[in-house]
Amino acid sequence: MKIHEYQAKEIFSKFAIPVPKGSAARAGKEAKQIAEEIGGSQWVVKAQIHAGGRGKAGGVRVADTPEAVVEIAEEMLGMSLVTPQTGPQGVRVSKVLVEEALAVKQEFYVGAAVDRARQCPVLIAGSEGGMEIEELAKSHPERIVRERVDVGLGLPAFQVRNLLFGMGMDAGLMRAGTGVIRGLYRLFDSFDCTLAEINPLVVTEDGRLLALDAKIDFDDNAMFRHKDLLELEDAGEKDPLELEASRHRLNYIRMDGNVGIMVNGAGLAMATMDLIKQAGASPANFLDVGGGATTEMVTKGFEIILGDKNVRGILINIFGGILRCDVLANGVVEAASKVRINVPVVVRLEGTNVEQGRKILAGSGLDFVVADSMADAAEKVRGIASS
Ligand code: GDP
Ligand code: MN
């Protein structure tokens, strides 16, 4: 689960990581109030979306008067911000973060992530911040240091020092730097994060160390341990179809092809996507209705697939084990009676109650294309995609 920068900074503060003064606004007037409360003579207005790369895309702008804060905030609010990380359609901005502007002398990178190969947390520090860490890792690998953490031991002082020396932190900032790295690791560990990142961590002209940007991703599989964090989720950032699917406990992920799929079991879903690719087409989604799917879930799944306007055909590939073929067939027929289906539907059924299932489909009066094997289904999908 991702959260916004302003929310991540509130969490940073609780872990004693210094952040610029500021808070989030939903309207120009509110943005002005915040700027006046902060005081000073320069402010930064930052679009709050779940994607980085905002700086270069016009999502981070400096204002010299509270009036300019209002102007910039009103321009950003409601716009669709396109950054290298959002995709071409961009993401709608519904909040901006108004902060004191800082005179920046130096930018670093600090992050905590999961090292999947070594199965442990890894702390990463870079002597240059502001840019994407992946780029720095490619162009100047020597400017990045990594420390893998033994969760049993926690974070020993020598590893903190390795990071700070490795990133070239001034001797006078060692104490402050230690606080930042310790705080970051503590929050990463205690909230079951997959990522906690400060990019950039800055030194100001007056010698302070602050997190200028903040990014936190929580592990969805651990959210049951952090129910209080769920309220930080911004539903507006999610794909509406994916949101609808999660409300009905359907494993649905939207993709950019045009063949919608409905499958039971993640393995079969993967195999079906391969099959579609092999047939020269592309899947529009991943949808695993699961073993215990009810007629209602199948109906909902069907509606969700059809909600994607790119879908030109649907492949239903079911192996009836716990989910019986007749239940699936009833769900499909019920869905078909509710929503107008204007694309061809190829159905391949196998397993428990397959005969009953086929009978239901055949007797429905609806126009399903029945495939009798995976290979046959692939052939029929090829037809759909090229029509
Ligand atoms: P991102 O591009 O989405 O990662 O957004 P960031 O929060 O990292 O902001 C982009 C860049 O704007 C930063 O790397 C900084 O260089 C710059 N920036 C943001 N706030 C300030 C500020 O208060 N003062 C100065 N001088 N630069 C800032
Ligand atoms: Mn950044």
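Asparagine 199 and aspartate 213 are both buried (under 20% relative accessible area, with exposed meaning over 50% and partly exposed in between; 1.4 Å probe, protein chains only). The structure is a predicted model, in which local features need pLDDT of at least 70 and side-chain atom pairs count only at pLDDT 80 or more, while totals for chains, interfaces and linings use all residues. Residues are numbered from 1 along each chain as its sequence is written, chains are lettered from A and ligands numbered from 1 in the order in which they are written, and side-chain values use heavy atoms, with hydrogens and water left out.

Helices (H or I, at least four residues) and strands (E, at least two) are DSSP runs numbered from the N terminus.

Ligand 1 is surrounded by 16 residues, of which Lys46, Arg54, Gly55, Leu102 and Glu107 are the closest; a residue is counted as near if one of its heavy atoms lies within 4 Å of the molecule or strand. By class, the shell comprises seven nonpolar, five polar and four charged residues (Ala, Val, Leu, Ile, Met, Phe, Trp, Tyr, Cys and Pro are nonpolar, Asp, Glu, Lys and Arg charged, and the others, Gly among them, polar). At least two shell residues come from each of strand 2 (43-47), helix 3 (54-57), strand 7 (104-115) and strand 10. Domain 1 (1-19 + 103-237) and domain 2 (21-101) each contribute at least three residues to the shell, the domain bounds coming from an automatic or database domain assignment.

A side-chain N or O atom of lysine 46 lies 2.5 Å from an oxygen atom of ligand 1. A nitrogen atom of ligand 1 is 2.8 Å from a backbone N or O atom of leucine 102.

Most residues other than glycine have a negative phi, and most peptide bonds are trans. The peptide bond from asparagine 199 to proline 200 is cis, with omega near 10°, and proline 200 lies in strand 10. Glutamine 119, not a glycine, has a positive phi of about 55°; glutamine 119 is in the loop between strand 7 and strand 8 (120-126) and is exposed at 71% relative accessibility. Arginine 249 also has a positive phi, near 55°. Arginine 249 sits in the loop between helix 8 (240-247) and strand 13 (251-254) and is exposed, at 65% relative accessible area.

The chain has 13 helices and 18 strands, and 50% of its 387 residues count as buried. Its C-alpha atoms fill a box of roughly 80 × 50 × 40 Å along the principal axes. Valine 298, in helix 10 (residues 295-307), is buried at 0% relative accessible area.

Technical notes. A polar contact is a pair of N or O atoms within 3.5 Å; within protein, one must be able to donate a hydrogen and the other to accept it, and residues adjacent in sequence count only if both atoms are side-chain atoms.
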